[in-house]
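Good morning, and thank you for the time at this meeting.

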Amino acid sequence: MRYLVILKAAQPDSPPPAELMEAIAKLGMDATNAGVMLDMGGLAPTANSARIAVTADGLNVVDGPFAEAKELISYVVYEVRSKEEAVEWAGRFMRLHRDLWQGWEGEAEISRVFGPEDFAPQG
């Protein structure tokens, strides 16, 4: 099963420590070598984003920045056996931030990603 993890955080005033970046790179290699990480990347600030809403009059497009206290800052897609395994990998990533970046606060959302195999006719 595929799971999308989206990281939201309010950035501290200080840049990420080199020690954290090295630990993230190692965790990424561990996930790649385990065959569970399919994709990952950073996300631009909401100043570069847009939201599209369906309204009675059509589509409404609003450009960022948006006023949330936390920005969407990165994502990863895991191919794992269960939601619990996705939570474990995401938890490892979150603990690195907690332990290595003083003042960092964030959260991760984990959602199952349905693929074509989930919609194939049964039988």
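I begin with Arg95, which counts as partly exposed because its relative accessibility is 34%. Here, buried means under 20% relative accessible area, exposed means over 50%, and partly exposed lies in between, with a 1.4 Å probe and protein chains only. Arg95 forms a salt bridge with Glu88, and the closest N and O atoms of the pair are 3.5 Å apart. By salt bridge I mean a side-chain nitrogen of Lys or Arg within 4 Å of a carboxyl oxygen of Asp or Glu. Glu88 is likewise partly exposed, with a relative accessible area of 41%.

Before going on, a word about the source. This is a predicted model, in which local features need pLDDT of at least 70 and side-chain atom pairs count only at pLDDT 80 or more, while totals for chains, interfaces and linings use all residues. Residues are numbered from 1 along each chain as its sequence is written, and side-chain values use heavy atoms, with hydrogens and water left out.

Helices (H or I, at least four residues) and strands (E, at least two) are DSSP runs, numbered from the N terminus. Along the principal axes, the C-alpha atoms fill a box of roughly 50 × 45 × 20 Å. Of the 123 residues, 28% count as buried. The accessible surface comes to about 8300 Å², and 56% of that surface belongs to carbon and sulfur atoms. Accessible areas come from the Shrake-Rupley method with a 1.4 Å probe, and for residues only the protein chains shown count as cover. As for contacts (heavy atoms within 4.5 Å), residues 24 or more positions apart account for 76% of those with a separation of 6 or more.

Which residues have the most contacts inside the largest nonpolar core? They are Tyr78, Val80 and Trp89, in a core of 23 residues. Strand S1 (2–10), helix H1 (18–33), strand S5 (71–79) and helix H2 (83–100) each supply at least two residues of this core, and H2 gives the most, with six. A nonpolar core is a set of buried Ala, Val, Leu, Ile, Met, Phe, Trp, Tyr and Cys residues joined through side-chain atoms within 4.5 Å. In soluble globular proteins, nonpolar side chains tend to be buried together. Leaving aside residues up to four places away in sequence, Val80 touches Met1, Tyr3, Val36, Glu85, Ala86 and Trp89.

Next, the charged pairs. In total there are eight salt bridges. In helix H1, Asp30 and Lys26 are four residues apart, so about one helical turn separates them. Their side chains meet in a salt bridge of 3.1 Å, N to O. Asp30 is partly exposed at 26% relative accessibility, whereas Lys26 is exposed at 52%. Lys26, Asp30 and Arg92 are linked in a network of salt bridges. The side chains of Asp99 and Arg98 also meet in a salt bridge, at 2.7 Å, N to O. Asp99 is exposed at 52% relative accessibility, and Arg98 is exposed at 55%.

Finally, two contrasting places. Is Thr46 buried or exposed? Thr46 counts as buried, because its relative accessibility is 10%. Thr46 is found in the loop between strand S2 (37–42) and strand S3 (50–55), and touches Gly64, Pro65, Phe66 and Glu71, residues up to four places away in sequence not being counted. Val54, by contrast, is found in strand S3 and counts as exposed at 73% relative accessibility. Together, Ile52, Val54, Leu59 and Val61 make a nonpolar surface patch of about 460 Å². S3 and strand S4 (58–63) are the elements that give two or more residues to that patch. Patches are made of residues with over 30% relative accessible area and no salt bridge, with like charges joined within 9 Å and nonpolar side chains (Val, Leu, Ile, Met, Phe, Trp, Tyr) within 5 Å.
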